[in-house]
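Subject: Structure handover

Hello,

Here is the structure you are taking over. Please open it beside this message, and read the notes below with it.

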Amino acid sequence: MTEPQRLTRDDVAHVADLARLELTDEELDLFTGQLAQVLDHAADVASLDLAGVKPTAHAMAVTNVLRPDEITPCLDRDEVLAQAPAVEDHRFRVPSILGEAP
Amino acid sequence: MTAPRPSTALANAVRSGARSALEVLEEHLSAIEAGDGEVHAFNLVTADEARAQASAVDRTVAAGDDPGLLAGVPVALKDNLCTRGVPTTCSSRILEGWSPPYDATVVTRLRNAGAVMVGKTNMDEFAMGSSTETSAFGPTRNPHDTSRVPGGSSGGSAAAVAAGFAPLALGSDTGGSIRQPAALCGVVGMKPTYGTVSRFGLVAFASSLDQIGPFAATVGDAALLFDVIGGHDPADSTSLNRPTPRVLSVLDDGVAGLTVGVLTEFLVGADPDVVARTRQAADACANAGARVEEISVPEVAYGLSAYYLIAPGEASSNLARYDGVRYGLRVDAEDTAAMNTATRSQGFGAEVKRRIMLGTYVLSAGYMDAYYNQALRVRTKIIEGFAVAYQRCDVLLGPTAPTTAFPLGAKTGDPLTMYLSDVCTIPTNLAGHPAISVPFGTGDDGLPIGIQVLGPALSEGTILKVAAVVEAAAPDLAPPVLAGRS
């Protein structure tokens, strides 16, 4: 396994954008150093030869968990909507998504 | 000699009518009132709701009925456990003011057992931290020395039990977040086998690692709380649909005939006083009839690195839900994408941002195989390494944390150093196994040390038996003295 290149400031800016986080210049500098340090520590794992070892995503794997297809009580709509930042006509209200209608 | 079980005794006194649940509650509310200004174990004390629960327990007893195994016992809840109509913040600005529309399964089970829930405890933001210092609402302080951290992330729950604010508490453990603060605060904390306690209503951090578990003053009380909260729950698809070990009945069986392996990897890097206490605890097991040997599981040395790739990966996905749309904070902006970004940037603290970015990075195209998938292969190797050890040994023994409680602020500037305080607890989470931390005297600085007993999946009964023997041999630990109550 080849080791990946060291994390750069541009990598962190790109990742922050993907994760919908806006960082200040100071945060970018700080996080780049800190995250690079964590990834350097992880280099011991990245450099191991584990070809042929199956990955484990879940230690106590359970598969095909099904339940009877029956109607059961669900959350109370008004109680749920009461916690929303903005509501209109029993729905969550958000700012425009695709810009103004033509 | 069996250690006292204060919570069990309290429940029995309330069930028999010898004490009223309301009187027990008021004692604990007074202790919180006097001491929590100094400790800050709680984000919220729910005195009114607790009084209503205690009164209901007293009415049940008066009517000649049994309120349950935890009748009238005050319990503190980590603030990532959903409580219907009661704010649940995860110690984050992004959830400040949010009241869940449902109860976590563990909360329902506590209620059904007659427990009285006294409040929501402080934690590292979204359980990401090892000192409770990443909380958006300020740190919790260690009751044994308020200039020190209580550990984390469930530092509020550990401190609440240590300070006598509640005899029992619940926490969650993703990489050690129950056991490490239990060790640093001088209380018992157990991470059960993954899937034995329902995660329904536990706000998700890293779903393949998160597990709810008990804090208590003694091993027997931790076993009682585990018996109440454990068991299959159809609302959690990862809940194990097979009998959960019922542990109370086997607690006093002793360790004769068991083999205890002292895990040498956990002694590397631990402070000398911590190593000395570990050897002393191993001797106690030998004196009680166990076979004790040293054992090496070389794979666990890679646990920390693997964890800090896997857990942030899962967290970056889980925390995508905080988008300002359905609940919690919204910071307005002209369109939805800008609103999402503004909300997340203002709502999350630095450690949560770091983990989201780390997770996003290790899952991104070009890096996923080198980091995330490689960490999952290491996880397989760790599970295999433990399996070999458990062919020879019934349980493994080691320290819970490499040091005693460190001063506030000592590690906040250096995330990697903070992460290293989880080095002895992380492998258990990766393997899905149970482990328990038991107080075992103090270090050279007079602060509590915790000894960890680890076992294979569903071995709660066995690790608790060993923990009970360790507890019986433990040097006395002076209770904390808070200035407000001296």
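At what angle do helix 1 (residues 6-15) of chain B and helix 7 (residues 219-229) of chain B pack, and how far apart are their axes? The angle is about 60 degrees and the axes are 7 Å apart.

Before the rest, some conventions. This is a predicted model, in which local features need pLDDT of at least 70 and side-chain atom pairs count only at pLDDT 80 or more, while totals for chains, interfaces and linings use all residues. Residues are numbered from 1 along each chain as its sequence is written, and chains are lettered from A and ligands numbered from 1 in the order in which they are written.

Confidence and overall form

Chain B has an average pLDDT of 96, and 99% of its residues score at least 70; pLDDT is the predictor's confidence in each residue, from 0 to 100. For the complex, the predictor gives an ipTM of 0.93 and a pTM of 0.97.

Chain B holds 15 helices and 11 strands (DSSP runs numbered from the N terminus: helices are H or I with at least four residues, strands E with at least two). Its radius of gyration is 21 Å, close to the 23 Å that the globule rule gives for 486 residues, so chain B is as compact as a globular protein of that length. The radius is taken over C-alpha atoms, and the rule is 2.2 Å times the number of residues to the power 0.38.

Helix pairs within chain B

Back to helix 1 and helix 7 of chain B: they are therefore oblique to each other. Axes are lines fitted to C-alpha atoms, for helices over the stretch in contact, and angles run from 0 to 180 degrees between N-to-C directions. Under 35 degrees counts as roughly parallel, over 145 as roughly antiparallel, 65 to 115 as roughly perpendicular and the rest as oblique. B:Pro6, B:Ser7 and B:Thr8 in helix 1 meet B:Gly220, B:Asp221 and B:Leu224 in helix 7 (contact means C-beta atoms, placed from the backbone, within 7 Å).

Helix 9 and helix 12 of chain B have axes that come within 9 Å and cross at roughly 125 degrees. This pair is therefore oblique as well. The residues of their contact are nine nonpolar, two polar and one charged. Here Ala, Val, Leu, Ile, Met, Phe, Trp, Tyr, Cys and Pro count as nonpolar, Asp, Glu, Lys and Arg as charged, and the others, Gly among them, as polar.

Where the chains meet

The contact between the chains takes 58 residues from chain B and 46 residues from chain A. On the side of chain B that touches chain A, helix 12 gives the largest share, 12 residues. By class, that side has 30 nonpolar, 18 polar and 10 charged residues.

Helix 1 (residues 9-18) of chain A packs against helix 11 of chain B at about 100 degrees, with the axes 9 Å apart. These two are therefore roughly perpendicular. A:Asp11, A:Val12, A:Val15, A:Ala16 and A:Leu18 meet B:Met357, B:Thr360 and B:Tyr361.

Two backbone details

Most residues other than glycine have a negative phi, and most peptide bonds are trans. B:His40, in the loop between helix 2 (21-39) and strand 1 (42-45) of chain B, has a positive phi near 55 degrees. A cis peptide bond, with omega about 10 degrees, joins B:Gly152 and B:Ser153.

Regards

Notes. Contact = placed C-beta atoms within 7 Å.
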